[in-house]
Amino acid sequence: ASRVMVASRNYADFASEATFELKKCDLHRLEEGPSTTAVMTREEGLHYYKTMQTIRRMELKSDQLYKQKIIRGFCHLYDGQEACCVGLEVAIKPTDHVITAYRAHGFTYARGVPVREILAELTGRKGGCAKGKGGSMHMYTKNFYGGNGIVGAQVPLGAGIALACKYFGKNEICLTLYGDGAANQGQIFETYNMAALWKLPCIFICENNRYGMGTSVERAAASTDYYKRGDFIPGLRVDGMDVLCVREATKFAAEHCRAGKGPILMELQTYRYHGHSMSDPGISYRTREEIQEVRSKSDPITLLKDRMVNNNLASIEELKEIDVAVRKEIEEAAQFATTDPEPPLEELGNHIYFNEPPFEVRGPNQWIRYKSVS
């Protein structure tokens with residue numbers, strides 16, 4: 001009890017908020033951009049730190065489970081890019097919509113899915129967020145339309161969601177994410193065109209982590225100014241390693257969309273620490289030194305930690321306590337994800353459609369039948 005009293009007395013000595021100078025965004029077809037200063041409260045900082053640290057530890061645990069052959073199949077990890085999904089999520093409303101590509105674990109957590117359900121989905125267990133049937137690339141929750149396995153295919157779907165937002169008149173927006181590798185896809189440019197014609201409330205977001213699979217952006221694109229790719233659509237280039245930069249840019253973009261001005265494009269300059277997927281060691285096309293340099297100079301968690309400590313928003317000891325609690329949560333989630341049973345075979349055909357009466361689904365041959373239940 002005395003230790004708790006000392007801790008609470010110490011916490012009262014912290015500043016309640018601090019103001020930070022931010023890197024200016026590059027602009028396309030915009031006269032003014034997001035604010036170059038941001039106020040962050042102590043509560044906000046602690047929330048951002050815990051969320052990013054949870055995503056980081058969850059991905060490192062996923063790496064371990066994959067190497068133990070408990071997670072199988074495709075698995076694309078998000079560590080290094082945590083400031084993107086956290087900065088985006090805290091700048092929008094829970095009623096807004098998000099759709100992304102297959103590097104989706106961070107967004108799934110940021111949208112409210114518990115770690116245990118994410119790890120259980122990765123291990124194919126019935127307690128997973130998609131009942132163990134989606135795996136790494138196909139996770140969903142309310143107003144989150146998942147990871148999508150086909151490169152760039154989620155972008156027209158995101159425009160469709162934005163069209164629904166406009167049609168129903170609820171002043172909601174859709175964040176439509178894709179990577180630099182998908183940015184050269186024709187369907188993305190077709191989608192830009194429709195979104196601009198119909199003034200859809202869509203924020204197109206290119207997470208530029210500098211490599212599309214094993215190909216650097218310079219070798220894949222004649223122009224690496226992804227924020228200008230919408231041509232007639234306004235654009236922003238944002239420091240995607242700074243959670244406050246992402247937050248302020250997203251607030252700006254969301255206001256643009258809600259004001260009925262149509263779509264806007266954001267390029268988040270970020271970096272992934274792992275390879276493209278677990279089958280990619282990530283060092284055949286880039287050096288260990290390059291990865292280490294990004295870790296030492298631009299790590300999103302370290303950047304936030306230094307800001308909070310240097311501006312008296314938190315102590316190193318307090319942040320260490322959060323780290324310990326996060327590790328414990330991840331270990332407990334991993335224990336659940338490795339002991340929860342797999343879904344029974346008779347449920348193989350379930351949840352094909354939403355809100356439909358049960359119907360029969362043919363199995364591997366015409367004599368095996370499964371029942372689909374919504």
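Good morning. Residues are numbered from 1 along each chain as its sequence is written. Because the model is predicted, local features need pLDDT of at least 70, side-chain atom pairs count only at pLDDT 80 or more, and totals for chains, interfaces and linings use all residues, while side-chain values use heavy atoms, with hydrogens and water left out.

I begin with the annotated region. An unreviewed UniProt entry lists residues 51–345 as "domain: Dehydrogenase E1 component"; such annotations may be inferred rather than shown by experiment. Over residues 51–345 the chain is 45% helix and 11% strand, and the end C-alpha atoms are 35 Å apart. Helices (H or I, at least four residues) and strands (E, at least two) are DSSP runs, numbered from the N terminus.

I turn now to helix packing. Two packed helices are described by the angle between their axes and the distance between the axes. Axes are lines fitted to C-alpha atoms, for helices over the stretch in contact, and angles run from 0 to 180 degrees between N-to-C directions.

Let us take helix 2 (residues 42–67). How is helix 2 placed against helix 11? Helix 2 and helix 11 (residues 300–310) pack at about 155°, with axes 10 Å apart. They are therefore roughly antiparallel (under 35 degrees is roughly parallel, over 145 roughly antiparallel, 65 to 115 roughly perpendicular, and the rest oblique). The crossing is left-handed, meaning that the near helix is turned anticlockwise from the far one by less than a right angle; clockwise is right-handed. The contact (heavy atoms within 4.5 Å) includes Tyr-48 and Met-52 of helix 2 and Leu-304 and Met-308 of helix 11. Its residues divide into eight nonpolar, two polar and three charged. Here Ala, Val, Leu, Ile, Met, Phe, Trp, Tyr, Cys and Pro count as nonpolar, Asp, Glu, Lys and Arg as charged, and the others, Gly among them, as polar.

Helix 2 also packs against helix 12 (residues 316–339), at about 40° with axes 9 Å apart. The two are therefore oblique, and their crossing is right-handed. Among the residues that meet are Lys-61 in helix 2 and Glu-331 in helix 12. This contact divides into nine nonpolar, three polar and nine charged residues.

The next pair is helix 3 (residues 82–89) and helix 9 (residues 243–258), whose axes come within 8 Å and cross at roughly 40°. That makes helix 3 oblique to helix 9. Helix 3 passes helix 9 in a right-handed crossing. In helix 9, Val-243, Val-246, Arg-247 and Thr-250 meet residues of helix 3, including Ala-83 and Leu-88.

Arg-247 lies in helix 9 and Glu-44 in helix 2, so the pair ties together parts that are 203 residues apart in sequence. The count comes to 17 salt bridges (a side-chain nitrogen of Lys or Arg within 4 Å of a carboxyl oxygen of Asp or Glu). Thank you.
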